[in-house]
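Please look over the sequence and the model, then go through the points by topic.

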Amino acid sequence: MKIFFVGDFKNDTGPGIANKLLRKGLGSSRSYLYSEGHGRIGRVFEIIWKTLRSDCVCMCSASRSNALVIRAARLLHKPAYYVMHGYQTFEQKRNNPQISGQKLQQIHHSEAFIFKHVNKVFCVSKKFMEYMKQAEPEYADKFDYHYNGVDLEQIEQGISASQSAEPARDQNDQHKNHRDKNPRQIVSIGGGMPQKNNLTVCRSIDQLNREKSMALSYIVIGLPYTDKEEICSYEFVRYYDHLPHERVLEILAESGLYIQNSSFETFGLAVVEALLADCSLLLSEQIGMTDLLGTLQEGDRIANTDDPAEIAEKIERLIKEGNAGRLKAGLETKEIGYRQAASGLVDKITAAQVSSR
């Protein structure tokens, strides 16, 4: 069976990284075609030509061109599938308080058009699939799940390289040996995006530093969105809008605790990276990849992402006790190794093809 995979195979965004690993996992087989066109006209011709040559199409990124892909597939009587990395209807509303109702309606219309016309939607985690079945009950029978592929070996190699690196000497970094973990250094990725709730984590750390003199520091990495200014108002915060991936791994390797306090997180690659860097983890219930942590306990979970007191209590315990070894031992890697994930997606598409005949 020949599959045409349509999406971002170039950029280092979350979907772009996942798509590059999908292609890497599938190897050089001639059974698979990929988006490679340049320019608007070139992409249009490519979509039509490669859809014609394929048995089915699989869209792997959110894109305005997906509407054209679906129309081409319908015109040529080819089944279409969608790997869903995010749900813009929810995320735009959560992260952009100024967005108009009309704009939100347009976003939802575009997403619903995909749900209506594809054969299957593969959400990037089981938890995300369950959420989508509730959010879009009209299309509930179309939602399935398939975890993102992760290059575990490459992450581990990057962490090992960072641990043997010379001390950083830029103006924002301490002159220290990165082989040493600082158990009181906490990290979160997601910047000032409201959906990540890093501002609530700041309030928790501030409470512990004021009331219990814990001397905790907090590194926040990510785009400013709306919360950066207030996050940076705390003296214990070090904020980076953007860092090279190697430097992110270095920071994780030198930190004791990683917190992901997201109110919505379809997968959570950074959680995997933090765990492989031997960080203890404190995670919200809404993170998709938590289903792969077989040894996760109640004390490792954030039930209420808006409750600084709950988060502070769990930070204090994890600083003292840690959970990295237990969680790392319970990480289920079979479904997310990039080769297994790539072949597994093809298997699910093949099964859907067979069942639809």
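Where does Thr-266 lie? Thr-266 is found in the loop between strand 10 and helix 11. The model is a predicted one.

**Thr-266**

- Thr-266 has a relative accessible area of 12% and is therefore buried, the cut-off being under 20%.
- The side chain of Thr-266 reaches the backbone oxygen of His-85, at 2.7 Å.
- Apart from neighbours within four places in sequence, Thr-266 is in contact with His-85, Gly-86, Val-124, Ser-125, Phe-128 and Gly-288.

- Six strands make up an open sheet, and their order is 2-1-3-4-5-6 with parallel pairing.
- Strand 2 (32–34) and strand 6 (143–145) are the edge strands, each of which pairs on one side only.
- From one strand to the next, the twist averages 25 degrees.
- Helix 6 (residues 126–135) packs on this sheet and touches strand 4, strand 5 (120–123) and strand 6.
- The direction of helix 6 makes about 170 degrees with that of strand 6.

- Strand 1 (residues 3–6) runs parallel to strand 3 and is joined to strand 3 by four bridges.
- Within that pairing, Phe-4 has Val-57 of strand 3 as its bridge partner.
- Cys-56 and Cys-58 point one way from strand 3, while Val-57 and Met-59 point the other way; all are buried.
- Strand 3 (residues 56–59) also pairs with strand 4 (residues 80–84), in the parallel sense and over three bridges.
- Opposite Cys-58 stands Tyr-81 in strand 4, and Met-59 has Tyr-82 of strand 4 as its bridge partner.
- In strand 4, Ala-80, Tyr-82 and Met-84 point one way and Tyr-81 and Val-83 the other.
- Five of the five residues of strand 4 are buried, so strand 4 is largely enclosed by the rest of the structure.

**Helix 7 and helix 10**

- Two packed helices are described by the angle between their axes and the distance between the axes.
- The axes of helix 7 (residues 152–163) and helix 10 (residues 245–254) come within 8 Å and cross at roughly 70 degrees.
- Helix 7 and helix 10 are therefore roughly perpendicular to each other, a term that covers angles of 65 to 115 degrees.
- On the helix 7 side, the contact involves Ile-155, Gly-158, Ile-159, Ser-162 and Gln-163.
- On the helix 10 side, these residues meet Glu-246, Leu-249, Glu-250 and Ala-253.
- The residues of the contact of helix 7 with helix 10 divide into four nonpolar, three polar and two charged.
- Eight of the 10 residues of helix 10 are buried, so helix 10 is largely enclosed by the rest of the structure.
- The buried residues of helix 10 are Arg-247, Val-248, Leu-249, Glu-250, Ile-251, Leu-252, Ala-253 and Glu-254.
- What covers them includes helix 7, strand 7 (182–189), strand 8 (217–221), strand 9 (237–240), strand 10 (255–260) and helix 11 (269–276).

**Asn-95**

- Asn-95 has its place in helix 4 (residues 88–95).
- With a relative accessible area of 9%, Asn-95 is buried.
- Its side chain makes a polar contact of 2.8 Å with the side chain of Gln-195.
- Leaving aside neighbours within four places in sequence, Asn-95 is in contact with Met-193, Pro-194, Gln-195, Tyr-225 and Thr-226.

**Residues with positive phi**

- Most residues other than glycine have a negative phi.
- His-77 is not a glycine, yet its phi is positive, at about 60 degrees.
- His-77 lies in the loop between helix 3 (66–75) and strand 4, and at 72% relative accessibility His-77 counts as exposed.
- Ala-215, also a residue other than glycine, has a positive phi near 55 degrees.
- Ala-215 sits in the loop between helix 8 (198–212) and strand 8, and counts as exposed at 61% relative accessibility.

Key. Residues are numbered from 1 along each chain as its sequence is written. This is a predicted model: local features need pLDDT of at least 70, side-chain atom pairs count only at pLDDT 80 or more; totals for chains, interfaces and linings use all residues. Side-chain values use heavy atoms; hydrogens and water are left out. Two strands pair if DSSP finds at least two bridges between them. Helices (H or I, at least four residues) and strands (E, at least two) are DSSP runs, numbered from the N terminus. Axes are lines fitted to C-alpha atoms, for helices over the stretch in contact, and angles run from 0 to 180 degrees between N-to-C directions. Contact means heavy atoms within 4.5 Å. Angles under 35 degrees count as roughly parallel, over 145 as roughly antiparallel, 65 to 115 as roughly perpendicular and the rest as oblique. Ala, Val, Leu, Ile, Met, Phe, Trp, Tyr, Cys and Pro count as nonpolar, Asp, Glu, Lys and Arg as charged, and the others, Gly among them, as polar. Buried means under 20% relative accessible area, exposed over 50%, partly exposed in between (1.4 Å probe, protein chains only). A polar contact is a pair of N or O atoms within 3.5 Å; within protein, one must be able to donate a hydrogen and the other to accept it, and residues adjacent in sequence count only if both atoms are side-chain atoms.
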